[in-house]
Amino acid sequence: QFQGTEEADIDNLTNRAPYPSFHILREDEVSSAVQKLKGDSSKVWNRNVRLLQNLQKTFGRQKAEKIMKGDEVDGIDQVLRDTKEEVEKEYDT
């Protein structure tokens, strides 16, 4: 749970993966990604939160959680496009 959130807030799902996972991050790839974000890696977390909020607003909490578990839901492509557009406008990237 993130500071300033309630236990049931959808933001907290950004810490979950649909399946157990192990990430191998190469330092140069991470550095390159952060440079693309103008040095602000928090933009990744903010984008993920925005996506989850949009999924919940569009489909409801239960379907948003199902999507996080890998279930396919009609209309998700539009939510992804809309969220990308919102974030790009916000960050002017």
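So, is E90 buried, partly exposed or exposed? E90 is partly exposed, with a relative accessible area of 46%. For that word, buried means under 20% relative accessible area, exposed means over 50%, and partly exposed is in between, using a 1.4 Å probe and protein chains only. We'll come back to E90 in a minute.

Some housekeeping. What you're looking at is a predicted model, where local features need pLDDT of at least 70 and side-chain atom pairs count only at pLDDT 80 or more, while totals for chains, interfaces and linings use all residues. Residues are numbered from 1 along each chain as its sequence is written, and side-chain values use heavy atoms, with hydrogens and water left out.

Okay, the overall picture. The chain has four helices and zero strands, and reading along the sequence you get α-α-α-α. Those elements are DSSP runs numbered from the N terminus: helices are H or I with at least four residues, and strands are E with at least two. The C-alpha atoms fill a box of roughly 35 × 30 × 30 Å along the principal axes. There are 93 residues in the chain, and 19% of them count as buried. If you take the contacts with a separation of 6 or more, 59% of them are between residues 24 or more positions apart. Contact here means heavy atoms within 4.5 Å.

A quick word on surface and charge. The accessible surface comes to about 7,400 Å², and carbon and sulfur atoms own 48% of that. Those areas come from the Shrake-Rupley method with a 1.4 Å probe, and for residues only the protein chains shown count as cover. On charge, the chain has 15 positive and 19 negative side chains, with the centres of the two sets 2 Å apart. Lys and Arg count as positive, Asp and Glu as negative, and His and the chain ends are not counted. Each charge is placed at NZ of Lys, CZ of Arg, CG of Asp or CD of Glu.

Now, how many salt bridges does a search of the whole structure find? Six. The cut-off is a side-chain nitrogen of Lys or Arg within 4 Å of a carboxyl oxygen of Asp or Glu.

Back to E90, then. E90 and R50 meet in a salt bridge, 2.2 Å from N to O. That pair links distant parts of the chain, with E90 in helix 4 (residues 76–91) and R50 in helix 2, 40 residues apart. E86 comes in too: R50, E86 and E90 are linked in a network of salt bridges.

Here's another pair, E88 and K84. Their salt bridge has its closest N and O atoms 3.9 Å apart. Both residues sit in helix 4, four residues apart, which is about one turn of the helix. K84 is exposed at 52% relative accessible area, and E88 is partly exposed at 34%.

One more pair: E29 with R26, where the closest N and O atoms are 3.7 Å apart. E29 counts as partly exposed at 46%, and R26 is exposed at 52%.

So which charged residue is buried yet has no salt bridge? That's K43, and the nearest side chain of opposite charge, D40, is 5.0 Å away. K43 lies in helix 2, residues 42–59. Not counting residues up to four places away in sequence, K43 touches L37, K38 and Y91.

Let's stay in helix 2 and look at T58. What does the side chain of T58 reach? The backbone oxygen of N54, at 2.8 Å. That's a polar contact, meaning a pair of N or O atoms within 3.5 Å; within protein, one must be able to donate a hydrogen and the other to accept it, and residues adjacent in sequence count only if both atoms are side-chain atoms. T58 is partly exposed at 47%, and its C-alpha is 9.0 Å from that of G75, 17 residues apart along the chain.

N54 also lies in helix 2, and N54 counts as buried at 8% relative accessibility. Leaving aside neighbours within four places in sequence, N54 is in contact with V79, T83 and E86. And E86, remember, belongs to the salt-bridge network with R50 and E90.

Last stop, A8, in the segment before helix 1 (27–36). A8 is exposed, at 55% relative accessible area. The C-alpha atoms of A8 and R61 are separated by 9.9 Å, and the two residues are 53 apart along the chain.
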